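Reader: Hello! Could you take me on a close look at the strand pairing and the aromatic rings of this model?

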Amino acid sequence: TEEQAKMQDIIALLRDRNTRTIVLSDAAPDAKTKTAATVWHNPVRSETVLDINTLPAPEAGRYFQFWAIVGGKPVSMGMVALRGAGSWQVLPFIQNAEAFAISSEDNPSGNPVPTVVVLVGKV
C-alpha cells in the first residue's frame with residue numbers, strides 16, 4: 001500500500017548514516033513547560049522529515065509554520081499538518097539550512113516571516 005511504502009522510505013531515512021537528528025526545543029529559555037519536536041535531515045538524500053507526534057497542539061486560533069534558517073534568514077517550508085496520515089510530515093528540502101524553527105501564526109496559510117518562534121534547533 002501507499003502507507004507501507006511511505007513507512008519504508010521513512011525507515012530508510014532514519015537508518016541512513018547521513019541523517020542528522022535535530023531536536024527543536026523551546027525558543028524562550030524561561031518557558032514554563034519544556035516542549036520539543038524532532039526533525040530528521042539528510043543533505044545527501046535531500047530529505048527533511050518532521051515527527052508531528054512530538055508536537056503539542058497549538059493554542060486555539062493559532063497554526064504552526066515550519067522554517068529553515070539559511071544565511072541567518074528564515075525560509076518558509078510550509079505549514080505543519082497536525083492531522084493526517086501517520087505521524088510524519090515530509091517537508092521540502094532546503095539546501096544549506098543552519099537551523100530549523102517552528103513558529104505560531106494566526107494565519108492558517110502562514111506568514112512571510114515568523115511571528116512568534118516557539119521551537120528552534122541548530123543543524
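Author: Happy to! Two strands pair if DSSP finds at least two bridges between them, and strands themselves are DSSP runs (E, at least two residues; helices are H or I, at least four), numbered from the N terminus. This is a predicted model in which local features need pLDDT of at least 70 and side-chain atom pairs count only at pLDDT 80 or more, while totals for chains, interfaces and linings use all residues. Residues are numbered from 1 along each chain as its sequence is written, and side-chain values use heavy atoms, without hydrogens and water.

Let's start at strand S8 (residues 116-122), which pairs with strand S1 (residues 20-26) in the antiparallel sense over two bridges. Strand S7 (residues 99-105) also pairs with S8 in the antiparallel sense, over six bridges. Valine 120 in S8 is the bridge partner of alanine 101, and valine 120 is the bridge partner of serine 25 as well.

Now for the rings: the whole structure holds two aromatic pairs (ring centres within 6.5 Å, using the six-membered ring of Trp; planes under 30 degrees apart are stacked, over 60 edge-to-face, the rest tilted). With centres 5.2 Å apart and planes at 55 degrees, tryptophan 40 and tryptophan 88 form a tilted pair. Tryptophan 40 sits in strand S2 (residues 36-42) and tryptophan 88 in strand S6 (residues 88-91), so their pair ties together parts 48 residues apart in sequence.

Phenylalanine 66 belongs to strand S4 (residues 63-70) and phenylalanine 100 to strand S7, 34 residues apart. Phenylalanine 66 and phenylalanine 100 are buried.

Methods: Buried means under 20% relative accessible area, exposed over 50%, partly exposed in between (1.4 Å probe, protein chains only).
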